[in-house]
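Me: Hi! I'd like to talk through some side-chain details of this one with you. Could you start with the ground rules?

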Protein chains: 2
Amino acid sequence: MTSLPRADRATESEKPRLPADHPGVNELFALLAYGEVAAFYRLADEARMAPDLRGRISMASMAAAEMGHYELLRDALQRRGVDVLPAMSKYASALDDYHRLTTPSTWLEALVKTYVGDALAADLYLEIADALPDEVADVVRAALAETGHSQFVVAEVRAAVTSSARQRSRLALWSRRLLGEAITQAQYVLAEHDELVDLVTAGTNGLTQLSAFFDRLQHTHDQRMRELGLL
Amino acid sequence: MTSLPRADRATESEKPRLPADHPGVNELFALLAYGEVAAFYRLADEARMAPDLRGRISMASMAAAEMGHYELLRDALQRRGVDVLPAMSKYASALDDYHRLTTPSTWLEALVKTYVGDALAADLYLEIADALPDEVADVVRAALAETGHSQFVVAEVRAAVTSSARQRSRLALWSRRLLGEAITQAQYVLAEHDELVDLVTAGTNGLTQLSAFFDRLQHTHDQRMRELGLL
């Protein structure tokens, strides 16, 4: 299993830590929790396109790992006294929209979405976690741990795009669309949840940093496209 | 979490043990492994009928637990030198047929299927495991451990059938159909796999015992229908 490149983050010293009881923390955990459940159902759905039992099993294992992460977040929310289901439901529309707008039409598109989409989500969340006290950041990091199946995706996508230039440009476009939709939905979520904006901009200088943050996402997205043979 | 009633089994002294390298053991593990993956996808599908996020999460957690069981069986098969995917594929048609022929049309039917169907499968497999050496039987028992969600099902089904006699008779019929299809598919599997028949009949006196075995399944099925308020 390789470790995916993550967005470069500001050094520790530049970032003041937020308090663990910052209201954005509950929102972040609830957003992540809904994201895990949505990812579970998305993987289970997209596995329908798998060409064989091996692919179906890989997708099912990845989906099961998402539920393990969900349980970590649910437990953390309960320890913080949050009523989990209503808190999660606030993020249903943004995450469901992302998945609806990026429904793959082939097995290779499903694989690329798994790889790029999950890594992007991890970037978004880990970037935010860096501004948080360790006790909170550790929950986020554990919940986003690699599921151990990315090598399977890389090998299959690289093989397909090496043998077909058409597949390659098709999947490169697809990958850009995934980034675009993810950023759109992230902006919707931020626009509706000031507590989360506080988390993202807690580092140094507010909006300047928000724009640098989206630049970093673009940069690591390119690294991942290269890893898949798409750039 | 209640422990479900299991089929009463013959006492230890009556049953000679089969050797751990009996060829039926690999077949049993492969059958169970395919069953876990099929159950994963069935639960993920049927969760579509859940009336709310809570139901969808419960189904997803149960599905994730199935994959944990699958991984136990896969590891055991690999330790026994078996090529896992081809071994599993032999059981695809019987298990896929069972699920196709018992596709629920309502959320309550899905819940009853989860509860009754999983318990029936557990009976079938544990009954067989009893004739096996502990090292083998332990893998089967671990792979079929309760997933901890059955209380959720019992409470929801009981509430529905208490308030509606029509629901009650409808679900009682459904439950009988589940038993019928399960026994039909079990007979198909046994007819095609002599090594598995050896396992089931290893106890004492062959076919007499096979018929007693199906009688015991019927008996514990009735106990479960009672638990759900359906009898």
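Reply: Happy to. Buried means under 20% relative accessible area, exposed means over 50%, and partly exposed is in between (1.4 Å probe, protein chains only). This is a predicted model, where local features need pLDDT of at least 70 and side-chain atom pairs count only at pLDDT 80 or more, while totals for chains, interfaces and linings use all residues. Residues are numbered from 1 along each chain as its sequence is written, chains are lettered from A and ligands numbered from 1 in the order in which they are written, and side-chain values use heavy atoms, with hydrogens and water left out.

Me: Thanks! So is B:Arg141 buried or partly exposed?

Reply: B:Arg141 is partly exposed, because its relative accessibility is 34%. The side chain of B:Arg141 forms a salt bridge with B:Asp138, at 3.6 Å from N to O; the term stands for a side-chain nitrogen of Lys or Arg within 4 Å of a carboxyl oxygen of Asp or Glu. B:Asp138 is partly exposed too, at 44%.

Me: Where do B:Arg141 and B:Asp138 lie?

Reply: Both are in helix H6 (residues 134-143) of chain B, three residues apart, which is about one turn of the helix. Helices here are DSSP runs (H or I, at least four residues), as are strands (E, at least two), numbered from the N terminus.

Me: How many salt bridges are there over all chains?

Reply: The whole structure has 18. One of them pairs A:Lys113 with A:Glu46, with the closest N and O atoms 3.4 Å apart. That pair links distant parts of the chain: A:Lys113 sits in helix H5 (residues 107-129) of chain A and A:Glu46 in helix H1 (residues 23-46) of chain A, 67 residues apart.

Me: Buried or exposed, that A:Lys113?

Reply: Buried, because its relative accessible area is 1%. A:Glu46 counts as buried as well, at 6%.

Me: And in chain B, what does B:Glu46 pair with?

Reply: B:Glu46 forms a salt bridge with B:Lys113, the closest N and O atoms again being 3.4 Å apart. It joins helix H1 (residues 23-46) of chain B to helix H5 (residues 107-129) of chain B, and both residues are buried.

Me: Which residues are linked in a network of salt bridges?

Reply: A:Asp45, A:Arg48, B:Asp45 and B:Arg48. There is also a polar contact between chains: the side chain of A:Ser61 meets that of B:Glu71 at 3.4 Å. For that term, two N or O atoms must be within 3.5 Å; within protein, one must be able to donate a hydrogen and the other to accept it, and residues adjacent in sequence count only if both atoms are side-chain atoms. A:Ser61 is in helix H2 (residues 53-79) of chain A, and it is buried at 7%.

Me: Switching to rings: how many aromatic pairs over all chains?

Reply: Three. The rings of B:Phe40 and B:Tyr41 have centres 4.8 Å apart and planes at 80°, so this pair is edge-to-face. Rings of Phe, Tyr and Trp (its six-membered ring) pair if their centres lie within 6.5 Å, and planes under 30 degrees apart count as stacked, over 60 as edge-to-face and the rest as tilted. A:Phe40, A:Tyr41, B:Phe40 and B:Tyr41 form one aromatic cluster.

Me: Nice! And what lies over the face of B:Tyr41?

Reply: A:Arg56, at 4.2 Å from the ring centre. In turn, B:Arg56 lies over the face of A:Tyr41, at 4.2 Å from the ring centre. The rule asks for NZ of Lys or CZ of Arg within 6 Å of the ring centre and within 35 degrees of the ring normal.
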